Each structure stands twice: as structure tokens, then as C-alpha cells.
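Here is a short briefing for a reader new to this structure. Please look over the sequence and the model before reading on.

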Amino acid sequence: MLEQLKQILCRVMPEVDASKITEQTNLVTDLGFDSLALMMLSMEIEDAFQFKFTEFVRFETVGDVCGYLESRI
């Protein structure tokens with residue numbers, strides 16, 4: 001799951017170094033995501049995993065996203 005998510009993160013933020021991303025990486029403080037990037041991330045996740053978010057989910061770390069995705073698929 002982490003490797004798939006790294007690819008998605010790099011599509012949204014091409015300047016991100018995927019080799020430094022861990023589950024503890026913070027999306028905002030470590031990767032520089034803003035509200036637009038977070039929205040784009042959500043859209044990329046929906047496309048990649050073929051589902052739609054039905055409620056607001058606050059992701060702080062890469063691990064939060066992985067955990068959410070693992071619970072969905």
C-alpha cells in the first residue's frame with residue numbers, strides 16, 4: 001500500500017522525494033501539502049482505488065492514508 005501511495009503522492013507533488021516518505025511522514029509539514037494538494041490527493045486516490053469518499057476524512061500522515069485505504073479495500 002505504501003509504495004502505491006508514494007506514486008500517487010509524487011503525481012500530486014512531483015518535487016517530493018519518494019525515497020524519504022515513510023508512514024510517519026506528515027503531509028503538510030514534511031511534504032508541503034496545502035488544501036489544494038490535499039484535494040488533488042483525494043481525487044487521485046479515488047481514481048486509483050475506484051471508490052468515492054463519502055465523508056470528510058482528515059489525513060495528517062502518510063500512515064493515516066494507508067490505514068484508511070487498507071480498511072476500504
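In which helix does Met-40 lie? Met-40 is in helix H2. The model is predicted. The points below cover its core, its aromatic rings, a surface patch and its salt bridges.

**Nonpolar core**
- The largest nonpolar core counts 22 residues.
- Leu-9, Leu-27, Phe-33, Leu-41 and Ile-45 have the most contacts inside this core.
- At least two core residues come from each of helix H1 (2-12), helix H2 (35-49) and helix H3 (62-72).
- H3 gives the most, with five residues.
- Beyond its neighbours within four places in sequence, Leu-9 touches Ile-21, Leu-27, Leu-31, Phe-33, Leu-41 and Val-62.

**Aromatic rings**
- There are five aromatic pairs in the structure.
- One of them joins Phe-53 and Phe-59 edge-to-face, at 6.2 Å centre to centre and with 65° between the planes.
- Phe-59 also pairs edge-to-face with Tyr-68, at 5.6 Å centre to centre and 70° between the planes.
- Phe-59 has a relative accessible area of 13%, so it counts as buried.
- Tyr-68 is buried too, at 13% relative accessibility.
- A single aromatic cluster is formed by Phe-51, Phe-53, Phe-59 and Tyr-68.

**Surface patch**
- Leu-36, Met-39, Met-40 and Met-43 make a nonpolar surface patch of about 380 Å².

**Salt bridges**
- The structure has three salt bridges.
- Glu-3 pairs with Lys-6, and their closest N and O atoms are 3.4 Å apart.
- Both residues, Glu-3 and Lys-6, sit in helix H1, three residues apart, or about one turn of the helix.
- Lys-6 is buried, with a relative accessible area of 12%.
- Arg-11 and Glu-44 form a salt bridge, with 3.1 Å between the closest N and O atoms.
- This pair links distant parts of the chain: Arg-11 belongs to helix H1 and Glu-44 to helix H2, 33 residues apart.
- Arg-11 is partly exposed at 46% relative accessible area, and Glu-44 is partly exposed at 26%.
- Glu-46 and Lys-52 meet through their side chains in a salt bridge, at 3.8 Å from N to O.
- Are the two partners buried or exposed? Glu-46 is buried, with a relative accessible area of 15%, whereas Lys-52 is exposed, at 56%.

Definitions and conventions. Residues are numbered from 1 along each chain as its sequence is written. This is a predicted model: local features need pLDDT of at least 70, side-chain atom pairs count only at pLDDT 80 or more; totals for chains, interfaces and linings use all residues. Side-chain values use heavy atoms; hydrogens and water are left out. A nonpolar core is a set of buried Ala, Val, Leu, Ile, Met, Phe, Trp, Tyr and Cys residues joined through side-chain atoms within 4.5 Å. Buried means under 20% relative accessible area, exposed over 50%, partly exposed in between (1.4 Å probe, protein chains only). Helices (H or I, at least four residues) and strands (E, at least two) are DSSP runs, numbered from the N terminus. Contact means heavy atoms within 4.5 Å. Rings of Phe, Tyr and Trp (its six-membered ring) pair if their centres lie within 6.5 Å; planes under 30 degrees apart count as stacked, over 60 as edge-to-face and the rest as tilted. Patches are made of residues with over 30% relative accessible area and no salt bridge: like charges are joined within 9 Å, nonpolar side chains (Val, Leu, Ile, Met, Phe, Trp, Tyr) within 5 Å. Accessible areas come from the Shrake-Rupley method with a 1.4 Å probe; for residues, only the protein chains shown count as cover. A salt bridge is a side-chain nitrogen of Lys or Arg within 4 Å of a carboxyl oxygen of Asp or Glu.
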